[in-house]
Amino acid sequence: MSHSSAGNGDGTRAVRAGLPEPVKNQPHLPGPAFAAHYHLPGDVDGPYTYGRDQNPTWSLLERAIGELEAPGQDGVETLAFASGMAAISSVIFSQLRAGDTVVLPSDGYQVLPMVRQQLETYGIQVRTAPTGGDAQLDVLDGAKLLWIESPSNPGLDVCNIRRLVEAAHACGAVVAVDNTLATPLGQRPLELGADFAVASGTKQLTGHGDVLLGYVVGRDTEAMAAVRRWRKIVGAIPGPMEAWLAHRSIATLQLRVDRQCATALTVAEALRERPEVTGLRYPGLSDDPSHKVASQQMRRYGCVVSFTLPTRTRADRFLDALRLVDDATSFGGVRSTAERRGRWGGDAVPEGFIRFSVGAEDPEDLVADVLRALDESAE
């Protein structure tokens, strides 16, 4: 057992994930390897031949992510990508061909409708159903791939992953789970039976809002070979600096996630008391519609809270009044952000819908800022 994988706690695992064996006088985490090509005399062999295929900085990051997503599981492979969408696309387009059917969530990430349009131009049938209530079960027949996003973004619905996986496998479909919002500290899709865990590492995994990254983790050798081939064909590779920053950031993942999830619950509880707030969703709330199923498969409930204010104008005034929360898209960073999600036009949400990403600020300061902004925006 390598020293990097010793210990079973999330914090222990996070701070040591993917580290190489220690070498005297060498850094614990080697710096980024900036290499487009490698010294390669004679026959082609060894792990590093050309920069589009592999990089030692990626290798350490991929090992770290694999140790978090699938600790103790043999035969699991991890591949890093330039962005979350690069990772998502690699699975969808490498596993499907003309005539296949794929099931996507109708309430998932707003780029999925663009993916649907592209798939349909390739002769692939796309069916959709909401995440909540395990509604995707009703459209599984004949599908080759089931794509799950739980919790969904931005509505925060949760489905029973084990149940959907069993039904999909019985139909001959493979299952990919977008684990972006939960992170591997919130849930581990492979342990729930999924074939792929996919995520945008841009969000809470790296957590500082300064890295674009994606990853795919899978256990089927042939399927992962197809994903790797897709990465090579489209060149959707992470830069070595981004990979190194991501690996460095993972060391604080457990500290960040625990703080952010705890504060998210505190913020949600405060919002629950406000009469102007409707449609409040956070899986960690005991009365949330998704809490029961979430508590059966999630160990942490994420850092995102969603809710609706009465009008677009009220939502804009609320966002303008916040002092500790930046008006920005994305989520998962150490600095809290929020946005009126409808401004993008890609989500079926009310005009006053707010997606709020809870950062690492002191909870009492953040709650006070939110409550003050609600009061001021009502005037």
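This is a predicted model: local features need pLDDT of at least 70, side-chain atom pairs count only at pLDDT 80 or more; totals for chains, interfaces and linings use all residues.
I begin with the overall form. The protein chain contains 11 helices and 12 strands. Along the principal axes, its C-alpha atoms fill a box of roughly 75 × 55 × 35 Å. How does the radius of gyration of the protein chain agree with that of a compact globule? For 379 residues, such a globule would have a value near 21 Å, and the chain has 21 Å, so the two agree.

The contacts give a further view of the fold. Buried residues account for 54% of the 379 residues.

I turn now to the interior. In soluble globular proteins, nonpolar side chains tend to be buried together. In this chain, the largest nonpolar core has 56 residues. Which of its members touch the most others? They are Leu271, Val305, Phe307, Phe318, Ile354 and Phe356. Helix α8, spanning residues 253-272, gives the most to this core, with eight residues. Another core lies apart from it and has 27 residues, including Ile92, Trp147, Val216 and Met224.

Next, the backbone. Most residues other than glycine have a negative phi, and most peptide bonds are trans. Several places in this model depart from that pattern, and I take the peptide bonds before the phi angles.

The bond from serine 150 to proline 151 is cis, with omega near -5°. A cis bond also joins asparagine 153 to proline 154, where omega is about 15°. Where does proline 151 lie? It is in the loop between β4 (145-149) and α5 (161-170), and proline 154 likewise has its place in the loop between β4 and α5.

Asparagine 25, with phi near 70°, is in the loop between α1 (10-16) and α2 (56-69). Threonine 183, with phi of about 65°, is in the loop between β5 (174-178) and β6 (196-200). Is each of these residues buried or exposed? Asparagine 25 counts as exposed because its relative accessibility is 70%, over the 50% cut-off. Threonine 183 counts as buried because its value is 2%, under the 20% cut-off.

Finally, I come to serine 286, which sits in the loop between β8 (278-281) and α9 (291-297). Its relative accessibility is 60%, and serine 286 therefore counts as exposed. Leaving aside neighbours within four places in sequence, serine 286 is in contact with Arg272 and His291. Aspartate 74 is 212 residues from serine 286 along the chain, and their C-alpha atoms are separated by 36 Å.

Thank you for your attention.

Key
Residues are numbered from 1 along each chain as its sequence is written. Side-chain values use heavy atoms; hydrogens and water are left out. Helices (H or I, at least four residues) and strands (E, at least two) are DSSP runs, numbered from the N terminus. The radius of gyration is taken over C-alpha atoms; the globule rule is 2.2 Å times the number of residues to the power 0.38. Buried means under 20% relative accessible area, exposed over 50%, partly exposed in between (1.4 Å probe, protein chains only). A nonpolar core is a set of buried Ala, Val, Leu, Ile, Met, Phe, Trp, Tyr and Cys residues joined through side-chain atoms within 4.5 Å. Contact means heavy atoms within 4.5 Å.
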